[in-house]
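Please explain this structure in running paragraphs, moving from its aromatic residues to its strands and then to a pair of packed helices. Give the cut-offs of each term where it comes up.

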Amino acid sequence: MTLRATSLEWAIDFLQLHSDGDLFPKILEVEAISADKSAFVSQLTGVDLSTFQPGSCRRFIVPKDDISYRQATQLDPQDSIILSALVYEYGSLIESRRLTNDKIFSYRFQPTLEDGLYGSKTAWNQFWTRAGLLAKRSGHVLYCDIADFYNQVYHHTVENQLFAAGLPNQAVKWLISLLESTTAGVSRGVPVGPHPIHLIAEATLIPVDNSLQAAGLNFIRYADDILIFCESLQEGKSALATVATVLDKQQRLMLQRHKTKFYDPSEFQKLCLQMIEDRPINSDEKTLLALIKKYTGGDPYKTISYAQITPDDWASISDASICNVINDYIQQESIDYIRLRWFYRRLAQIGHPGAIEISLDNLDALGPCFANICFYLASIQSITPDIWKSIGGRLLEFIRKPEIQSSEYFRLLILSLFTRNEYINHFAQLHGAFQQSDAIVRREIILAAKVNKAFDWARELKESFPTMDPWQQRAYLFTIAGLPRDEKKYFIARQSFIRPFDKALAKWVKGS
């Protein structure tokens, strides 16, 4: 079984536009593959998929709120491309087996390059809006949450559902080998992070959805959240027993005790309002969100350049108003990190600098929003190089804190900013920390050398190349594109590359 060239090309463009997930910085080396797609695609087309064994992924502990964490995975970039191509090529087979989109709201497969793999960007709000309407006609509502769903998915269930959807044998086998490579051979769990995995996880819930419908339950679902609408509390208790039985018999899944709950309609209506994302905390946020919606058309993923916003509209967004919004969130007795992360994502759509100071001043309190703050900082437009350098200095001070030093994920996010913006600079300090740093930090310093044109320093790492891990090696190849042509050609000629991604990257380096 082989993948179509068009699927692979789409997957490369998809990763270049949307990254490989929402939790990690974009893999910069994909730029090189995107610049000459044929160099990579030609190595895969016509070759059996089983030839391409999964590479090494990276796993990080990522905060969800101030006390809970989840494990997130960033796949080898070649694996990300193949996985995206597989889901793009065969996702419609999975989608066709799912219940209707007024019943199942999460990750409906509708791929476009502009929007990504999934259709509605407002599905979460649609889910809770629909829930509110159904609750008005119910006596009680049962809210069920599947415990630790992604980590509990059986690979055997994935295999069965993909075969049932009609995916080719080799495609399924490759996907299972990829999953096993991320779980150290344990046959349970799918990685949190990669965009295409959402549809794979949804496929495993098809039997659950079908069983709940066959049992006559009036339910809707978004990912691992199941809402059941009942006439009475007694009916709700019976429904709870049915859900627990179905989850256990289908996949040995369990419900999360502290989130599974019965609601009366009025109480549930309040929950629906809390869950809908577009609910500003104050008038400043309401005004700002209205302006962002004016330019994005309500698309929560669309990025707007400074040039697209009129001078009057840009001037109407004050630093003080943005600070008021963030302050109101921070001063809550229990900070709503979900809503605050959502606000940072909206700010990143327009790249307004108004949240820089308050965010840097309160990083200790904003840990669960740290990834969103870093993505926001990367989006900022219209500030001067000296302000950028000041931001870089403050970030380097922050990275020295013990709680940041103990988090590989936080260090990755901070240092990734230095790989994308020449004005942040401070490369001398990064250079000085290189020898004492771990592999994750070293990769980011190597990438920072490229944007800071520290090619002569990169030359000094040539002898270390064979001992670098694959993630560092790819970063080094990407960086030495700035060396003289004959020098990098000679260096690359002395190396042995096996994986198509690495071969295509080396080809781009030689020709750049």
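A residue counts as buried when its relative accessible area is under 20%, as exposed when it is over 50%, and as partly exposed in between, with a 1.4 Å probe and protein chains only. This is a predicted model, in which local features need pLDDT of at least 70 and side-chain atom pairs count only at pLDDT 80 or more, while totals for chains, interfaces and linings use all residues. Residues are numbered from 1 along each chain as its sequence is written, and side-chain values use heavy atoms, with hydrogens and water left out.

The structure holds 31 aromatic pairs. In one of them, the ring centres of Trp10 and Tyr88 are 4.2 Å apart and the planes lie at 10°, so this pair is stacked. Helices (H or I, at least four residues) and strands (E, at least two) are DSSP runs numbered from the N terminus; on that basis Trp10 belongs to helix 1 (residues 5-18) and Tyr88 to helix 4 (residues 77-95), and the pair links distant parts of the chain, 78 residues apart. Trp10 is buried at a relative accessible area of 9%, whereas Tyr88, at 27%, is partly exposed.

Tyr107 and Tyr118 form an edge-to-face pair, with 5.2 Å from centre to centre and 70° between the planes. Because Tyr107 lies in the loop between helix 4 and strand 3 (109-112) and Tyr118 in strand 4 (residues 116-118), the pair ties together parts that are eleven residues apart in sequence. With a relative accessibility of 22%, Tyr107 is partly exposed, while Tyr118, at 10%, is buried. Both tyrosines belong to a cluster linked by ring pairs, whose members include Phe105, Trp124, Phe127, Tyr222, Phe229 and Tyr263.

Phe105 is found in the loop between helix 4 and strand 3 and is buried, at 9% relative accessibility. Leaving aside neighbours within four places in sequence, Phe105 has contacts (heavy atoms within 4.5 Å) with residues among which are Phe127, Arg130, Ile220 and Tyr222.

Tyr222 stands opposite Asp225 in strand 7, and strand 6 is joined antiparallel to strand 7 (residues 225-230) by four bridges. Four strands form an open antiparallel sheet in the order 6-7-5-8. Strand 6 (219-222) and strand 8 (261-263) stand at the edges with a single partner strand each, so one side of each has no neighbour in the sheet. Elsewhere, strand 1 (residues 58-63) and strand 2 (residues 69-74) pair in the antiparallel sense over six bridges, and the two form a hairpin with five residues between them.

Finally, helix 23 (residues 439-451) and helix 25 (residues 470-479) pack at an angle of about 5°, with axes 8 Å apart. The axes are lines fitted to C-alpha atoms, for helices over the stretch in contact, and angles run from 0 to 180 degrees between N-to-C directions. Helix 23 and helix 25 are therefore roughly parallel to each other, where angles under 35 degrees count as roughly parallel, over 145 as roughly antiparallel, 65 to 115 as roughly perpendicular and the rest as oblique.

Key
Two strands pair if DSSP finds at least two bridges between them. Rings of Phe, Tyr and Trp (its six-membered ring) pair if their centres lie within 6.5 Å; planes under 30 degrees apart count as stacked, over 60 as edge-to-face and the rest as tilted.
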